[in-house]
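Dear colleague,

Here is the structure I promised to pass on. Please look through it first; my notes on what was found follow below.

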Amino acid sequence: MSLLVADLTRGAMTEFQEKLRQQHEESMHRELEALLATADKAEAEISRKDFDGFKKLFHRFLQVKGPSVDWAKINRPPEDSIQPYEKIRTKGHPDNITTSLNKLAVVKLNGGLGTSMGCKGPKSLISVRNENTFLDLTVQQIEHLNKTFNANVPLVLMNSFNTDEDTKKILQKYKHHQVTIHTFNQSRYPRVNKESLLPVAKNMGMSGNNAEAWYPPGHGDIYASFYNSGLLDKLIAEGKEYIFVSNIDNLGATVDLFILQHLMSRPADKRCEFIMEVTDKTRADVKGGTLIQYEDHLRLLEIAQVPKAHVDEFKSVTKFKIFNTNNLWISLPAIKRLQEKNSMDLEIIVNPKTLDGGLNIFQLETAVGAAIKSFKNAMGVNVPRSRFLPVKTSSDLLLVMSNLYSLEAGSLTMSKKREFPTTPHVKLGSSFTKVQEFLARFENIPDMLELDHLTVSGDVTFGKNVSLKVNDMSSRWPLTFDISQLLKKMHNCSKVRGHLFFH
């Protein structure tokens, strides 16, 4: 009898939960329609497409409970599913480089702001090397490619509502460059009140308090927004077959002719529709997503999907040895096919936040690499670390501004004078967080060719002609200096409050 009661109770709870989910979904739909009613006709047409995508995400969010992966089903990828870059290189360059390049477009994810580095506006407009911005370097790279091989590789920028206006103003300066530049906007989704599960927004406006009611939903939105913009069809009509996608702040993400040849050289029925560049994990990369084999598919596993009990295991550099660089090569016809069949399944990332007024909200996001399981003959390529050179912090900025790298045609390459293949590990303190403060603390960027590790805390300023190195480069343990002693080793260094540790 007790079993029967338990069954009836479970059934009643399931029915109640289903009705509750339906109510939340219906309420959300009503609120979205009310928001659209506040927009003019043109804006409402664009926003309705955005909301269609949001509704699908919200529906799945209500349906799925618990971790999105069963840890027991996770396996290491088969050996042939992640190819070493050296093996790809053995195939050489394409027989006709121009023909192959003319089938390629470069897409840069340009939706982010520079707020984390204390800058206003698009992050892509921050100067990172010789007064060149991320965008300047990107244009120089592609223009050099087009001129060298007499090709027509276009640059496509996926902007967000945060970056679109400022980016388009800057594009005027590239009018006479040998690069065709296209832009499209990723979607604008409503942030959701954590308690009511309804949109925070009161109307479709972007001013005042209503501005923080909206968000760009992560780079996984590229597939839907690219398709909805019409640009996907336009590029296919122009004969483009693949896009190379990367973050605009990754200065190592340049067009690689060896990977392009690997894509183009395979028979049509065995064409690889998706390549994810991965690289060996270090202790600095333990939170990066990794490739796994899951239910007969190659799949991207992000730390947000990992059950809490297995987070330490996920961070292990022995079990999960590689991580996703977010440099991706993707078939354009395959994107079109998957979008039209509505068969691209991306795991939802629930990102909780607290607004300035104290309201707890969440935003639903997806990652571009999560789509790997939906594409045919998908694979990873284990590339050199040099193809992953992101600038997320002022510590990263110091590296790319230094003499560790030489700049040629928009591309940074490690100096041949550097005796070690790896970059130094640099940790700058809170006094260096904002770009303007960072620049004010260096009269010149120090010589870092022989540096292995640098930690700076407190009120430290670097003068001219400073070299950061240790006489005995075989020493692998941290050497700690009092600033007053360190001044004897450096030229023209001022402001002696703070600490520097390097080895």
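Thr 354 stands opposite Asn 360 in S17, a strand of residues 360-365 that is joined to S16 by 6 bridges, the two running antiparallel. Strands here are DSSP runs of E with at least two residues and helices are runs of H or I with at least four, both numbered from the N terminus, and two strands pair if DSSP finds at least two bridges between them.

This is a predicted model, in which local features need pLDDT of at least 70 and side-chain atom pairs count only at pLDDT 80 or more, while totals for chains, interfaces and linings use all residues. Residues are numbered from 1 along each chain as its sequence is written, and side-chain values use heavy atoms, with hydrogens and water left out.

S16 and S17 belong to an open sheet of 3 strands in the order S9-S17-S16, with antiparallel pairing; its edge strands are S9 (192-193) and S16 (349-354), each pairing on one side only.

A second open sheet, also antiparallel, has 3 strands in the order S1-S13-S14. Strands S1 (74-75) and S14 (297-301) stand at its edges with a single partner strand each, so one side of each is left without a neighbour in the sheet. S1 pairs with S13 (residues 290-294) over 2 bridges, and Asn 75 stands opposite Gln 293.

As for helix H5 (residues 134-149), its 16 residues should span 22 Å at 1.5 Å a residue, and its end C-alpha atoms are 23 Å apart, which agrees; the expected span is 1.5 Å times one less than the number of residues. H5 is followed by Asn 150, whose phi is positive, near 50°.

Best wishes
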